[in-house]
Amino acid sequence: MLSLRDVSVSYDGVPAVVDVDLELPDGEVLAVLGPSGCGKSTLLRAVAGLEPLTSGSVSWDGADLRGVPTHRRGFALLFQDGQLFGHLTVARNVGYALRLRRAPNVRERVAELLELVGLAGYGDRLPATLSGGERQRVALARALAAEPRLLLLDEPLSALDAGLRERLAADLRTILRGAGTTALMVTHDHEEAFTVADRLAVMRAGGVVQDGPIAEVWREPVDPETALFLGYARVFRDDAAAAILAAAGRPPAPAVAVRRSALTVDAHGQLTGVVLSSRATPEQIRLVVDVPGVGEADAVAPLDSHPAVGQPARLAVDSGRLAVWVTAPAPL
Amino acid sequence: MSPAVSRIARLLGVAAIPLAILGVFFALPVVGMVSRGFWADGTFDPGAVLGVLGRPRVHRVLWFTLWSASLGTLLSLALGLPAAHVLYRRRFPGVSVLRAALLAPFVLPTVVVGVAFRQLVGESGPLGFLGIDGSPIAIIAGLVFFNASVVIRIVGGAWESLDPRAGEAAAALGAGPWQVLRTVTLPALRPSLVSAASVVFLFCATAFGVVLTLGGLAYSSVETEIYLLTANLLDLQAAAALSVLQLVVVTGLLLAAARARRTPDPALSRILARPRRLSSGDLPALGGTALLGLLVAGPILALVAGSLRHDDAWTLANYRALATTGEQQALIAPVTDALVTSLRTAFDATWMSLLLGLTVAVVVTRRSRSVSERRVRSVLDGVFMLPLGVSAVTLGFGFLITLDRPPLDLRDSPLLVPIAQALVALPLVVRTLVPVLAGVDDRLRQAAATLGAAPWRASLTVDLPVVARPLLAAAGFAFAVSLGEFGATSFLARDEHPTLPVVIFGLIGHPGPMNYGMALAASVVLASTTAAVMLAVERLHVPVGSF
Amino acid sequence: MTRACRLYSSALLTAALLALTACSLVGGGDSSAGEPDAEGQPTKVVLVTHESFALPDKLVKQFEQDTGLDLVIRASGDAGTLTNKLVLSAGNPQGDVAFGVDNTFASRALDNDVFAPYAAAMPAGADAYALPGDDDHRLAPVDNASVCVNVDTTWFDKQGLAPPKSLDDLTDPAYQDLFVLPGAATSSTGMAFLLATIAEYGDAWPDYWTRLMDNGAKLTAGWSDAYEVDFTQGGGKGDRPIVLSYDSSPAFTIGGDTSTTRALLDTCFRQVEYAGVLAGADNPDGAQQVIDWLLSPEVQQQLPTSMYVFPVDSSVTLPAEWAKYAVPPADPLTVDPAEIAKNRDEWLTTWSDVTSR
């Protein structure tokens, strides 16, 4: 189990990570989510032993890792751009850790791993001839070959294009689950985090503002800023919040965060709004509506409906797509 | 003309000016000298020349040259690498001064370094107990003294911009520091390592003063042998045989180096890595650097101490005397004038070698479209290294006999000295620039072209920012080479304006304690001028990416 | 690009070019000098010489004033390099007159028709230095210096040991490990000493060298290494009190009111340096004037101070230290220049074999 206690890291006196406490049980995947520059990559590097801690401790199964160099930690690291060794073939990249420890049957093991990441037969290629997605798969196979106690993933998918990212995220989850790998991933993409991770820690300005099982964090973001970062579209307060909650059949609360798809066009809906704009996507129609007592809000409609701009529409609220604060959260 | 052929023609067109200069100032003189040996007494007699190669003495000389140069190269690499790591990947107070100072040995005249070295290791010196005076060990130490700085500069420049994350990824996979070095860092540095090794090997194999002075005459290298045969015995047949041998060996080496330089993926990602602070993990590297520091500092300290002694007392008298023409009128010009001449010559040699070197580097690093095009480029790459591998004596005498009538009546031109020095510096410039330019992703140039940039403009936008710092390093090299160059310079006409190394040579060659002290003082001035120029160049801080 | 911007950048460019030419040698030379004047008379004369050539500017200026010629001095390499350069460029010489070919190389130059005859008026006593066999006066002797074994007299006094006197003494075990000398292959001083031993021992000279090396003689690359590093009275305060140097060297080691060193006059080989008009010179008249100048009392008088050599003019007054401490040998060892030219290669090969054993 990985435990971080009061971990702080600074560069030349400028704090990058401040007093971070985190726990990661064996076999689980923790995603550290935060905007760029929040210190999440630094945190990852500190765990890997690549940055010295200013204070606090990183420990594994209760043993403090202070003074343990990177190569003795047994934590493999997967960079955003893979960092494949350009002078080695794919097979030699994947077999790198195995050769270091003079493991037997390197060839077979490498073939297995390449099979696992869907690149069987790529062994003799050079990294320069691979696409971005293929490189990341090789990097993943290389990291898994080390059989790390902990796999560290630094924005593993963010260099890839959207469709590929989605597919690879699912693959990543399957592979990590299948191998029972404990992993710490940092990312700025909440969907990627949601797809891959079991647990989520949200980081902002060097500190962890919230962490827990991913569904829990998702359902109950600690504050509006976190909610927005997690993909909630808007936050409503006071009367507007009460109006939305009432429509969802829930008691009033000081504030509520609303996902884009929380409001749906529905003939039986309890709210009425005027359509301000409408945009078709492959799966649904996205609307911006003006709801009296609430203000501007987002809504979705099925593809076969045709809400026209300027026309009123009835809207239903999906209670499961709201995050409610029972005490007033800090303003943004 | 097919597109491939026209591409090669265009390529040779760009390379025409450097090739012409190389042809006139290198190929012509060397061919002139060698053919004098082959056409002894007016008849073509290759048998006699080849017969020379059968002499046991020639075999001994060749063997000594090969092993001493190889060992010198290996040790320069072994000591230069840790220093390159410490000086280019770590930060600590005074690192830039140290970097600048490291080039100082490179320019010191061999005759003076020989004296300084021998004062340390000679029978009566503080290190006399080692008993290495006049042994091959002293020769090798001398070679390392001069050449480790070449390794540091060429490899350090590449190391500085190497992305550290590949090494971190390896460490995370369980590779210890040594394994990271061996399996990731050194392979990534390979082009620059091979570059540095081949240049250093050429310097070592053609070392002249070091072998004679420190070897106590018991050892001869191909270079000293050619000198003896040409300058003393006028045995041009034997000299031609050895020159051809030298050329063959050098060409073989260059071919091997070109093969070894080739990497599967030259498009390394270049970044400006933040140098880290020193830590306990750097102890081995620091140890190597300290060892090199001792080797370099020892003779230099002996030199400085000697320059401050006169009549058994500490004094600045030797330095004050530099503005005069010596105790007994031993000097034609005051040392201060000679320094100005040296600086002006070095300035010319620098811009010439940079201009030529940049052209050559750009030509050889463009991605080739066909096998034959690649061959042409790699041949060009090697051809410009050749001047380093040929004896200065051969070149000097060759100038005299081939550039002696119109339209090439150039043997008295004041530009001959800077041109000769530029040719000596050219390989260093090319070898500093090529690894960096080869790492530039060709797609960047293509991107610039699609945005409407003409080829030269694309080069300005894409290559210049990348190459700016290495260009400065190369300029420093060329300048230092020129300031310290003695071999070729001393064979060429010097008119009334001798360069500083020539003056130092004159001073130390005459009796009188003042002359000796002045020679040492002038050497210190030469070395510190070089270091100061290097420091200024480093301080220029080219704003990378501002073009 | 705006107008102002263009102006700015061209100003920058101009400034850069100006800075460039100020630092550069290009355009710094006096290219006008040397062009023949209106009557087609050459206005310059080129003296080709070796690295050790040095005369005060004042004398050069005086010559130029007296003759109206521009004297260009091209110095490079040592006497051997100079000779070989002259031989290689015979017929199309690099200059008009050469100075610095010595008696060990002179035959090679004469054999290759490097020089044209010129019977200069010789100063008093100079005939004694004329090159044997040079019957049509191609080479004029200008100076001489004898290579002699030098000893540190203070060291021997302190040790209570009598200094050696002869070449034979140097192989005496009493003087084991005390002698340092530059090698014959790399130093003209060393070559002169080899010739001295050849003159003394004839064909048996290799045996002498074997004994010399067995007695711990130390070889260095050049004179400066031997004298300045290993010799006890040199700049580096070495530990060998016997060194190969010159008859004039004791004049440069004055300590108190006497010299601390002495030349052994029975071990000397005399080097004579010559000047000659180059065959095929552009300006043979000027070349002759240069030779006359080198033989003039003004230059002859300056030779000891500027070039550490004795003048050939016996009427010249020597500097005080020279008169007192620099004693030339009365009867130096000699080898016929033609013999030297014929055997140099073979002798050096044998010498290398004997000494590197």
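Reader: What makes β15 and β16 of chain A count as paired strands, and how do they run?

Author: In this predicted model, seven bridges join strand β15 (residues 285–291) of chain A to strand β16 (residues 295–301) of chain A. Pairing asks for at least two bridges, so with seven bridges the two strands are a pair, and they run antiparallel. For one bridge you can look up, take A:Val289, whose partner in β16(A) is A:Ala297.

Reader: What lies between the strands in the hairpin of β15(A) and β16(A)?

Author: Three residues lie between the strands of that hairpin, and A:Gly293 takes a positive phi near 85°.

Reader: How do you know that β11 and β12 of chain A pair?

Author: Four bridges join β11(A) to strand β12 (residues 255–258) of chain A. The cut-off is at least two bridges, so these strands pair too, and the pairing is antiparallel. Among the residues facing each other, A:Arg237 stands opposite A:Ala255 in β12(A).

Reader: Where does the domain assignment divide chain A?

Author: The assignment gives domain 1 (2–228) and domain 2 (236–325) of chain A. Their C-alpha centres lie 37 Å apart.

Reader: How do you know that chain B touches chain A, and what makes up that side of chain B?

Author: A contact needs C-beta atoms within 7 Å, and 19 residues of chain B are in contact with 22 residues of chain A. The elements of chain B that give two or more residues to this side are α9 (165–172) and α10 (177–205). Of the elements, α9(B) gives the most, with seven residues. By class, this side of chain B has twelve nonpolar, four polar and three charged residues.

Reader: How many residues take part where chain B meets chain C?

Author: Here 56 residues of chain B are in contact with 53 residues of chain C. Several helices of chain B give two or more residues to this side, including α7 (110–121), α16 (335–365) and α24 (513–539). The most comes from α7(B), with five residues. The side of chain B that touches chain C divides into 27 nonpolar, 17 polar and twelve charged residues.

Reader: What confidence does the predictor give, for the complex and for chain C?

Author: The complex has an ipTM of 0.80 and a pTM of 0.81. Chain C has a mean pLDDT of 86, and 89% of its residues reach 70 or more.

Reader: Where in chain C is confidence lowest, and where is it highest?

Author: The lowest is in helix α1 (residues 3–23) of chain C, at a mean of 47, and the highest is in strand β4 (residues 115–116) of chain C, at 96. Local features here need pLDDT of at least 70, so a mean of 47 leaves helix α1 of chain C below that cut-off on average. Over residues 1–15 of chain C, pLDDT stays under 50, and the model has one contact beyond four places in sequence for them. Residues 27–34 of chain C also stay under 50, with eight contacts beyond four places in sequence.

Terms used
Residues numbered from 1 in each chain as written. Chains lettered and ligands numbered in written order. Predicted model: local features only at pLDDT ≥ 70, side-chain atom pairs only at ≥ 80, totals over all residues. pLDDT = per-residue confidence, 0-100. Contact = placed C-beta atoms within 7 Å. Domains from an automatic or database assignment. Nonpolar A, V, L, I, M, F, W, Y, C, P; charged D, E, K, R; others polar.
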